[in-house]
Structures are given as structure tokens and as C-alpha cells.
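Hello,

Please find the structure below, handed over for your own reading. My notes on what was found in it follow.

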Amino acid sequence: MAFLSIPNVAITGISACVPKHEEFCSEFPLFSEDESLNFSKTTGVISRRVSSPEICSSDLCYHAADKLLSDLQWNREEIDCLVFVAQTPDYHLPATSPLLQKRLGLSDNCLALDISLGCSGYVYGLSVISSMLSHGNIKKGLLLAGDTISKTCSKNDKTTHPLFGDAGSATALEFELGGRRLLFNLKTDGSGSDVIKIEDGGFRHPVNLDSFKEMKIDEGISRNKLQLVLEGMDVFTFGISKAPANIKELAEHFKLNLENIDYFIFHQANKFMNEKIRKKLNIPSEKVPYSIERFGNTSCATIPLTMVTEMRDKLQNNRLFHIACGFGVGLSWGSVYFETNKIVVPELLEI
């Protein structure tokens, strides 16, 4: 099992950035008034932020990182690694992380790499960058996680278009000898890869003329093969079974008392699903913050976005114990226990 205990790492700050443009579910043309109300009641989404064509995931992450570095007053020459997590990169190649290294003014001694993961991406990204920092050869690092997932959704698909929003985030971490541990439980099941998928556009199924043909799947659901498929019931079944079990395994393996956790930050996939997870774990509602109402499902950015928008004052003024859990596309899922102690959290940025 992929249980990881990574010592000597401190999270120093977290920031997030979203597009200014806001879209409301009540204005979605394929919904009647009753459908809109029911959609918001079940998913939790009232509005979300949608990027314009010229804004990419890297732009959102850049602004989050640039502000965070300024507030931390870090010397950019001292940042030794940058990890970028996204499934909406700028290009097929080059990777996006070198572009961000250059744009942020980091040294060419900085290690930079991309991770292609969505819903579980923030948790997996934390495991990768923490492992790099843990031994002390790398002192400071940036984890940038963000997606402009709305660009992948058909405007004629009521299962995806009103659900997904765009956001970017930056998390600053540094080596701290004897510092706090991050504890992980990470899992994968590729047999479920079809339930959240874009069929064409990669090298298995390259773009062709048929890729652009819109197909009617059902009433209110039309899309082409370059747009996102979301099998909602399969994802729901997966989420309510795997996420709580994963958190319980994490707690049992590392002998954590869940009652001592201050906050549980779940991937903002669907509020009804997350409430099922919360109740399965007997977690009080005040320990489970939500940002999905205002921002929708922002893929790998949901966990840090929720922390910035819903927990900022607490994070800046308190020592806190957290468990975060990401689950979805892949299928891939995982949970992480970590601590924060009066970290830097700039106000949410909008571009």
C-alpha cells in the first residue's frame, strides 16, 4: 500500500487565483427554473468562475505564486523546485513548469516538472514535492495546482458545463529539520478510466475531422470527442465508497485520532456526495468547509482554493491539523494529514 510518512517539511503559505468572469447556474440556457434549483441543491454549485480564451491554468497559478512569494518575501533565487499539477497545460510540449519557472524569475538551478492529474492532483503533488524537500538538499519549493477545466466542457452538456469552474493555486513549502510530518495514503484504479474522460486529442486517439462532430447523447447532453465525459452515477458511487475508506485507512495506519483534526478539506466534486462522505466518517459539519457554491468543481485546485476562501483567518492565526482528500479522474484518489502554523494566506486574487 502507498502509505508515505514524509518528515522535515513545513507548509509556509497558500494562495489562489480565479478569473473575474462569473457564471450562474440559474442562467444556464438548458435548465428550466426547477432544473436549475435542483442542480444547485444536489451539486452545491450556485456560480463558478470561467476563464476567457486567453487565460490558461498557468496564468492563474502564476498570479497566485507571484503574490505569495511577494508576501513571504522569499528570495526567488533560493527556490529549488517547482511542481505544476494540471490536466489543462499550455501545450502538449514543452511542459508548462519551465514556462512558469521563467515567468516567476526563478533560478535556472530550479528543478521543474509537470504532473498530469486532476481531482487527486493536489494531494499527489504534495507527496511529490514533500519527498523532494524532506532530505534537505532542496530547501524551498512551490507546488502550483490549477486547471481551466471549463474549456473542456460542451456548452450543450448539462452534466458538465454548469459544474466546472477554473482556478489556480500556489503552495509554498520548505525544509524544516525536525519539522512536521505529512502522512499520505495514495491509490489508483485505471479500470475506471472511462467514467471521466476526453476521448480524442492525445496520441492514442489524435484529433481528426470526426473529433469535432457534436453527438447527442441524451436530452440536454451533446458533445464532441474533444470534450469532457462525466458519468455522474459511477463517480458518485466511487466517491462515497473510496474517499471515506481511504481516510479511515490513513488514520488507522498512522494512529491518528480523527476527533483531533481541525479541518477535513475534500475535493469539491459535488456537495451531496461530500456530505455523504462526511456523515460516513461522523465528522461535524463545521469541520468540513465548502467553496463549491461560489466556484464549482475546479479540478486539482479545489483543496487549496477552499483553504484560501473559507479558512484564511484561521490559517493565518492558528496552528491547525488537517486531512485533505482528493478523488476522481484516473481513477485516482488519496488523502493527506498535515499541519499548518500561522501561515501566509493572501486574499483571493481575481484576473
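**What was found**

S299 has a relative accessibility of 5%, and a residue under 20% counts as buried, so S299 is buried. Please keep in mind that this is a predicted model. S299 sits in the loop between helix 7 and helix 8. Its phi is near 60°, which is a positive value in a residue other than glycine.

N282 also has a positive phi, near 55°, and is likewise not a glycine. This residue belongs to the loop between helix 6 (271–280) and helix 7 (292–295). Is N282 buried or exposed? Its relative accessible area is 68%, and the cut-off for exposed is over 50%, so N282 is exposed.

As background, most residues other than glycine have a negative phi, and most peptide bonds are trans. P94 is in the loop between strand 5 and helix 3 (96–103). A cis peptide bond also joins G330 to L331, and its omega is about -10°. L331 is part of the loop between strand 15 (319–328) and strand 16.

Six strands make up an open sheet with mixed pairing, and their order is 6-5-7-8-2-17. Strand 6 (111–115) and strand 17 (349–350) are the edge strands, each pairing on one side only. Further in, strand 5 (residues 81–85) pairs with strand 7 (residues 140–147) over five bridges, in the parallel sense. Within this sheet, C81 is placed opposite G141 in strand 7.

With strand 8 the pairing is antiparallel and covers eight bridges, and I14 stands opposite T171 of strand 8. With strand 17 the pairing is parallel and covers two bridges, and here C17 is opposite L349 of strand 17.

How many residues of strand 2 are buried? Ten of the ten are, so strand 2 is largely enclosed by the rest of the structure. Helix 8 (residues 302–317) lies across strand 2 (9–18) and strand 8 (167–175), and runs at about 85° to strand 2.

Leaving aside residues up to four places away in sequence, L348 touches A16, C17, V18, F295, L305, V308 and T309. Its relative accessibility is 26%, which lies between the 20% limit for buried and the 50% limit for exposed, so L348 counts as partly exposed. L348 and D262 are 86 residues apart in sequence, and their C-alpha atoms are 22 Å apart in space.

Last, a pocket. The second largest pocket holds about 190 Å³ of space. Which residues line the second largest pocket? They are E23, F28, P29, V50, S51, S150, K151, C153, K155 and H161. Sorted by class, this lining has four nonpolar, three polar and three charged residues.

Regards

Notes
Residues are numbered from 1 along each chain as its sequence is written. This is a predicted model: local features need pLDDT of at least 70, side-chain atom pairs count only at pLDDT 80 or more; totals for chains, interfaces and linings use all residues. Side-chain values use heavy atoms; hydrogens and water are left out. Two strands pair if DSSP finds at least two bridges between them. Helices (H or I, at least four residues) and strands (E, at least two) are DSSP runs, numbered from the N terminus. Contact means heavy atoms within 4.5 Å. Axes are lines fitted to C-alpha atoms, for helices over the stretch in contact, and angles run from 0 to 180 degrees between N-to-C directions. On a 1 Å grid over the protein atoms alone, a cavity is a set of points where a 1.4 Å probe fits but cannot get out, and a pocket is an open set with protein on both sides within 12 Å along at least five of seven lines; lining residues have an atom within 4 Å of a point. Grid points are joined across faces, edges and corners, and a volume is the space filled by probe spheres set on the points. Ala, Val, Leu, Ile, Met, Phe, Trp, Tyr, Cys and Pro count as nonpolar, Asp, Glu, Lys and Arg as charged, and the others, Gly among them, as polar. Buried means under 20% relative accessible area, exposed over 50%, partly exposed in between (1.4 Å probe, protein chains only).
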